[in-house]
Amino acid sequence: MSTYQPQDPRKVTTHRFQEMKQKGQKIAMLTAYDYTMATLVDAAGVDAILVGDSASNVMAGNETTLPITLNEMIYHAKSVVKAAKRAMVVVDLPFGTYQGNPMTALESAIKVMKTTGADALKLEGGEEIKESVEKILSAGIPIMGHLGLTPQSINRFGSYSVRAKEEAEAEKLINDALLLQELGCFAITLEKIPATLATKVTSLLDIPTIGIGAGVNTDGQVLVLQDMLGLNEGFRPKFLRLYAELGKVVKDAVGAYVLDVKEKNFPNEQEQY
């Protein structure tokens, strides 16, 4: 399998995101939640690492993203920031830390930025979080928006199905995207929406769009690392491409280790002092 080597070793910033959109260069983004995996992801040339609240599912085994706390997000973010040399690190503000109260949102944002050293934050929603976005941006903290399927609103949606298929919801998404750009967000994630709508939104915006289940015409793509590596074996949505089957590799390796221990084949004479 061929690998990518970044031609530009500079640290990726919000300004670089804008440059990449203007030059038609696609933005590659992946999640990571720990130092070891973030080190590998960064070295492989991704432009941005998302410390997603998907850690609630992937790392903690929760059914939704709702239970993860701000302090838990900070723990994961601190680990990732230590590993990231080139990639921008974007951290999700978790559910309940920014909705409804702009001052709470600002306090949450400042706490994450001061204690982790991250480069930017990501917030879900449009018009309904306008005041929180304004308050955070007023402190000089970069924000990536997130529209379409917003997992923190799962109880309102009732499912993880494709969003904005109907005209009214699609129109709201477009208006929310334009609003987030006007407020000063540097990029917007578009999750699980029709590809034609994602194409339209991307063409309307001057800031980059990052797609997940939104087709090829967004300015970049993001996936959950454990999903694309085949570590989350029960998750196979249509938009996911498997780049490895590491779940089987890990199980085979662990099984071989257990067998060697049981049969007294590990350690051998060369593996002891």
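Student: How many helices and strands are there in the protein chain?
Tutor: This is a predicted model, where local features need pLDDT of at least 70, side-chain atom pairs count only at pLDDT 80 or more, and totals for chains, interfaces and linings use all residues. Residues are numbered from 1 along each chain as its sequence is written, and side-chain values use heavy atoms, with hydrogens and water left out. Helices (H or I, at least four residues) and strands (E, at least two) are DSSP runs, numbered from the N terminus. On that basis, the protein chain has eleven helices and eight strands.

Student: What radius of gyration does the protein chain have?
Tutor: This value is taken over C-alpha atoms, and the globule rule is 2.2 Å times the number of residues to the power 0.38. For 273 residues, a compact globule would come out near 19 Å, and the protein chain agrees with that, at 20 Å.

Student: How much of the protein chain is buried?
Tutor: Buried means under 20% relative accessible area, exposed means over 50%, and partly exposed is in between (1.4 Å probe, protein chains only). Out of the 273 residues, the buried share is 48%.

Student: Is strand β3 largely enclosed or open?
Tutor: Let's go through residues 88-92, which make up β3. M88, V90 and D92 point one way and V89 and V91 the other way, and all are buried. Five of the five residues are buried, so the rest of the structure leaves β3 largely enclosed.

Student: Which residue in β3 is the bridge partner of V51?
Tutor: Two strands pair if DSSP finds at least two bridges between them. Strand β2 (residues 48-51) and β3 have four bridges and pair in the parallel sense. In β3, the partner of V51 is V91.

Student: Which hand does the crossover from β3 to β4 have?
Tutor: The chain leaves β3, runs through helix α5 (residues 102-116) and reaches β4. Look with the strands pointing away from you: if the path from the first strand over the helix to the second runs clockwise, the crossover counts as right-handed. This β-α-β crossover is right-handed.

Student: Which residues does T150 touch, not counting those up to four places away in sequence?
Tutor: T150 is in the loop between β5 (143-148) and α7 (154-157), and it is buried, with a relative accessible area of 6%. Contact means heavy atoms within 4.5 Å. With those sequence neighbours left out, T150 touches E124, G125 and F157.
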